[in-house]
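I opened this notebook to keep track of what I looked up, one entry at a time.

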Amino acid sequence: MDETLKHLHDLRTRESRVVMATLVGTRGTTPKKEGAKMWIGEGGRILGSVTIGGCVDARVVSEADAVLRSGEPRLLSMDLGDEDAMAMGLTCGGTVDVLVERIGFSENCAALEAYDDVAREVARGRAAVIASVFDGGGRLVVHEDGGTLLSLGNRALDDAARARALELMRAGEGSRSVMVSANDSSTNIFFEVHVPPLTMLIVGATHLAMPLARLAREVGLRTVVVDSRDRFASAERFPTADEVLVGIPSELVAAQPLGPSTLVVLVAHDYKIELPVLREVLRSKVAYVGVLGSRKRGVALFDMLASEASQEEMARIHLPIGLDIGARTIPEIALSVLAEAIAVARGRPGGSLRAHGTR
């Protein structure tokens, strides 16, 4: 669950109404990206930040009471002065736009309806985008498959916003404000992109799978362990896993959301398990496929797949698995596997930041 959805889920049990402040526009140098959120409860509880403290967050807090009382959204445009910027470690200040709205958990609230719908989509392993106009007057939810919920109040604007939201999802871009043209006019719309958390699907409840599941959970991945042997696939061996599934591995894998947020790691070291699972995942759009084994074993595996999978599909398989970090122990091997899987999912080469000139 992403941070926004998690905060909403937690706040429902503590508050009747909250103020949600969203960073919807940035110009110049700012400490946080568009989409950052801050929450202020009726009792004064504060979660998150739209900057990293300073005058902007203070202004949001000062406006919260009025928004809670009236229910009317406010758009705050503020300059981040050079003094504030320097205190945050920036060389100069920029300008931010913050949309401040009331969320009522027992009210007829379009924003809450939108987030609840997005939460359901994300739980199914699908991305979704909430498009909202800057005055807080309308919202449109766009699903990964093109379906929509709610409206910005104008059919032509809904169609234009839907098209732009789908572009953002396909390109893997983050939340941002975009000028959208419809009916011979342009409207500034904030597109809030929500994607499912990366899920590591570990096939084979082996000795390597145990530290791999722990490390994956530690860095925030959802973890699912699959095996046909209940003696090995147990909650005792995998206490940090989100799910431990026992059954025919290929069938269990096929029942999972196999999309761009899924990382599949096969550590069973058994052709009878690997081949049926690979037939399922190579036809999907999973972000990563890794198989434990040597180069020699990889040649044999590819030969067995040759009549069923294309060269392009087989090229997606990482075998041997993991980054070359000189791993010697089982936990070190798990670390190298996790690092490679994340690097591939994020489109990164996985080498040294110094060597790539990246900071």
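I began with Arg-222, which forms a salt bridge with Glu-243, the closest N and O atoms being 2.4 Å apart. Arg-222 lies in strand β12 (residues 222-227) and Glu-243 in strand β13 (residues 243-246), so the pair ties together parts that are 21 residues apart in sequence. I noted that Arg-222 is partly exposed at a relative accessible area of 27%, and that Glu-243, at 26%, also counts as partly exposed. I keep in mind that this is a predicted model.

Next I looked up Glu-308 and Arg-279, whose side chains meet in a salt bridge at 2.4 Å, N to O. Because Glu-308 sits in the loop between α9 and α10 (311-314) while Arg-279 belongs to helix α8, this pair joins parts that are 29 residues apart in sequence. Glu-308 is partly exposed at 43% relative accessibility, and Arg-279 is partly exposed at 30%.

I then turned to the helices α8 (residues 271-281) and α9 (residues 295-305), whose axes come within 11 Å and cross at roughly 50°. The two are therefore oblique to each other, and their crossing is right-handed. On the α8 side I listed Tyr-271, Glu-274, Leu-275 and Leu-278, which meet Arg-297, Ala-300, Leu-301, Met-304 and Leu-305 in α9. The residues of this contact divide into 7 nonpolar, no polar and 2 charged.

Within helix α5 (residues 155-171) I found Arg-164 and Glu-167, 3 residues apart, or about one turn of the helix, and they form a salt bridge with the closest N and O atoms 3.2 Å apart.

Last, I recorded a network of salt bridges that links Arg-17, Glu-42, Arg-102 and Glu-107.

Conventions
Residues numbered from 1 in each chain as written. Predicted model: local features only at pLDDT ≥ 70, side-chain atom pairs only at ≥ 80, totals over all residues. Heavy atoms only, no water. Axes fitted to C-alpha atoms, helices over the stretch in contact; angles between N-to-C directions. Helix = DSSP H or I, 4+ residues; strand = E, 2+ residues; numbered from the N terminus. Parallel < 35°, antiparallel > 145°, perpendicular 65-115°, else oblique. Left-handed = near helix turned anticlockwise from the far one by under 90°. Contact = heavy atoms within 4.5 Å. Nonpolar A, V, L, I, M, F, W, Y, C, P; charged D, E, K, R; others polar. Salt bridge = Lys/Arg side-chain N within 4 Å of Asp/Glu carboxyl O. Buried < 20%, exposed > 50% of the residue type's maximum accessible area, 1.4 Å probe, protein only.
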